[in-house]
Amino acid sequence: MALYVNAYGKYVLAILLILYTSLIYVGFWKSSKTFHSVICGFQTFLVFLYHGLAFLCIYVKMDSFDYIVFYLFQLLILFTYTILFLVIYPGISHTLLNNTCMLLAISMIILTRLNFDRAKRQCFMIIVSAVLALFIPFVVRKLKGTARFELAYGVIGVAALASVYLLGTYTGGSKLYLQILGFNLQVSEFVKILFVVMLAGMLSKRNDFPGVVLAGIFAGMHIMILVFSKDLGSALLLYMVFVLMVFVGSGKWLYLPLGAMVLAGASYIAYFHFTHFRVRVRAFMNPWDVIDNEGYQITQSLFAISGGGLFGMGLFRGTSKNIPNVMTDFIFSAITEELGLLTAVCIILIYFGTFLLTVRLAISLKNMYEKLIAFGLGFSFIMQVFIIIGGDTRFIPMTGITLPLMSYGGNSVMATMFLFSMLQGLHLYKRDHREDTVSLQDKISLQENSSAQRGPAKENDLNDQKPMVSYGKVLTRFRHQNIGVTLGVLTIFIAMSSYIVWYATTNEQALMENDYNAREKILEQENIRGTIYSAEGEKLAYTDEEEQRIYPYGDKYAHVVGYTGYGMSGLEDAMNYFLISSDLTESEKLEYARKEEKYPGNDVTTTLQTSIQEVAWKALGAYKGAVIVSDPTTGAILAMVSKPSFDPNEIAAIWEDITEDEDNSVLLNRVTQGTYPPGSTFKILTALEYMRENPEDYKSYTYQCNGSFHLEDTTIHCYHGMSHGAVDFEKSFAKSCNSSFANIGSSLDWNRFGETLQSLLFNSDLPYDLPYTHSKVSAYADLDTYTRLQTAIGQSTTCITPLHLNLITCTIANDGILMKPRLVSSVHTAGGALVKAFPSETAGTLMTAEEAENLTELMKAVVESGTATKISGQSYTAAGKTGSAEYNNDADSHAWFTGFAPADDPKYCVTVIVEGGGSGGDYAVPIARRIFDVCLE
């Protein structure tokens, strides 16, 4: 039984909540009382079923009878609260009552999971709040005539907030509480209700400009005291309520943009005068840059929101302890992590559905005072939801208020239950006055007919006032304004919900791999690290029965596959999220749970081919250097060798030695992170630029090489002082004539050349997902002569990685189109189901097909009659370029080769560097030839 509860509980909970939420909106479209009663009854059943199943999950996890007792106690509270309201007040909104109970149930579930002792305290406050809330509908039914005390409400509210400012204690940098008889009273939670009633009274009497000014004075006093108390969340909430109530009460749309402008100006001033506000803004703008300080809260919240997926990690499987203030400010994050995105969206929809109930109530009430109270309470409630959820998810800057009925805190839950009970009282008030109240349109007609006889209207009752406009117009205007506000709220809630789902689903992997995210440890404890395979299905890394990581090929794949234990590198690091995750179905996981075994992690299939890796490894031999082999048409990397290497199976034993060996840099992957002067391989780029600047006559280029080129104070020598004689453009390239290319370099527009090199990814990011080093070059018009000429032949400060040179070569082989280099083809579960595919992607067009074809012809000449003839005469044709790159003052040089085969239908690109090898034609070309032989013969 326990296995099934653990395996399927979170899915059933999500389904139940989706069903409950759907019924809220079904009820809006059905007017039948019988149908509505059936829906509400079924919703009540779902509340108790959801609550019971969740506590069953908790009990199975904790295996303590205390949780059963606590559940039964909560069950008694919810049941009694529901029954008493329905029996005492048969005319209340059953849907609103159900929503109250469902939100309280979810709150108690997550609070019990987070902190059992605090959950018990919260439960006690719910009892007190429920008892007091039972009397509020009775009081609200006597609402008639209370509008006359609006000034008193304002004075009481200002005095209450001022007492907190003068006598309150600081909590988290803000003054929020008054200590009374040992209890912390958060006055602002209750003042916001009184604030709504105050505004309703003022605006229902006078909605002209003087009336709005008076309301604004009292509202401003409330807000400014909160600002000076640094309770910015409550200040923002009251300001938004004031603006919208003025808009609805006056009917003037001008107040909306005016209110937005005032808010923007106030925010600007607050940024420069309140440190607390600046901290919030910095945390919102880029929390990752200040993750150790201001951004810590929000980043931990984002980790939680992105970690649960659609159905959540399950109760007790999250890492909520890492989220500061998780039970108050960030409880939504904990819910999303453990119960899932679907539950989070349902909660948002329950809140919005509750707001719709208040809008419908406000429209149906007869008196403007009552209408404004209903609207104000509903709007303050929904805006509080938006402010806290938006802040938790970085949709808006974070402010310190609570999530209604969800967050821990007696003041919060009591104030919200009072607010909901006031709404229930307004439902009763509407029913009580449905029959004995003269319609507003009839009232205005009567008033107009008798105005001459009665004289000025008396103000002893709101309903006896003479309206400034007909009540029919007031009703119509109020309805339209409420619909407008509702559509506005709907828009921002849709935007927020969409953003939450988008952010969580698109950033899950990146956030999981963040060093500050502790959720990775949970996956490592639950799952066995998956296997890394070659393209042919050979195991390159796997975990044995003793949970030791095994690398069957030892040092041959050390740099590309990587290692674990002393940190991570290579594919072990890049694919860590997938390897430690298990995407088996719940039924498959159930089988492992029955055997009390860990779940097998996902398996990664690479593009690496063991036959090509083997020959590349052997061909490089004892030399230091690197080899990369790739498919230019797909971007697949088929082999990646870096020497010297190490055995990742022995990483613990050799760690100290290899990290202290500065001469060999054993851990460095020379393919992706080793930077070298490109030498004559750079002439590919110099030739490309010359062709672009001289498209009509570059083929007629000639030069007489006598072994050196002189310009001003600079002399460039050919390799070993060789004299090539008369050369044209093709022969200059094939023979790799330094003198000729120095001459070509002296004629180039170096600003244009710099743009060409930038487009070929120098001084830029490469489309590669694993760690790499950027290639660098200096190319601009103000370069001195020496640097220009040296750069033209691949020397000076120019440096490039073998990976980058291979990408340029692949671009030429693929008609000018660069495919994104990739090492992984797919991720599968241990059962073989596809988790994620990594198809070929185009990284961009770096040159035209004609340019690529012209460069191919030049590179074919290198093999046929130039410096790479050791690769000619085979059953296949090849194209390439050699390089001998000097790297010290003794003229020692690295040996380069980069090329592809077959030349006319490229399938393999090979780039080789032999450190200190000397001539590329003598040392790098034979290595490439051995690789081509295995690939093509």
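**A loop stop to begin**

Select Ser-796 and you land in the loop between helix H32 (785-792) and helix H33 (802-813); helices here are DSSP runs of H or I with at least four residues, strands are runs of E with at least two, and both are numbered from the N terminus. Before moving on: this is a predicted model, where local features need pLDDT of at least 70 and side-chain atom pairs count only at pLDDT 80 or more, while totals for chains, interfaces and linings use all residues. Residues are numbered from 1 along each chain as its sequence is written, and side-chain values use heavy atoms, with hydrogens and water left out.

Back at Ser-796, phi is near 60 degrees, a positive value in a residue other than glycine. Most residues other than glycine have a negative phi, and most peptide bonds are trans. Ser-796 is partly exposed, at 31% relative accessible area (buried is under 20%, exposed over 50%, partly exposed in between, with a 1.4 Å probe and protein chains only).

Now jump to Lys-230, in the loop between helix H9 (209-228) and helix H10 (232-250). Its phi is also positive, about 65 degrees, and it isn't a glycine.

**Two cis prolines**

Next, pick Pro-644, in the loop between strand E13 (637-643) and helix H27 (651-660). Then try Pro-902, between strands E23 (893-901) and E24 (908-914): the peptide bond from Ala-901 is cis, with omega near -15 degrees.

**An enclosed helix**

Colour residues 341-364, which make up helix H15. How many of its 24 residues are buried? The count is 19, so H15 is largely enclosed by the rest of the structure.

**Salt bridges**

The structure holds 22 salt bridges, each one a side-chain nitrogen of Lys or Arg within 4 Å of a carboxyl oxygen of Asp or Glu. Show Glu-150 and Lys-205, paired at 3.5 Å, N to O. Glu-150 sits in helix H7 (residues 150-167) and Lys-205 in helix H8 (residues 187-205), so the pair ties together parts 55 residues apart in sequence. Is Glu-150 buried or exposed? Glu-150 is buried, at 10%, whereas Lys-205 is partly exposed, at 27%.

Then select Arg-670 and Glu-915, whose closest N and O atoms are 2.6 Å apart in a salt bridge. This pair ties together parts that are 245 residues apart in sequence. Arg-670 is buried, with a relative accessible area of 4%.

Last stop: Arg-529, Arg-549 and Glu-572, linked in a network of salt bridges.

Terms used: The expected span of a helix is 1.5 Å times one less than its number of residues.
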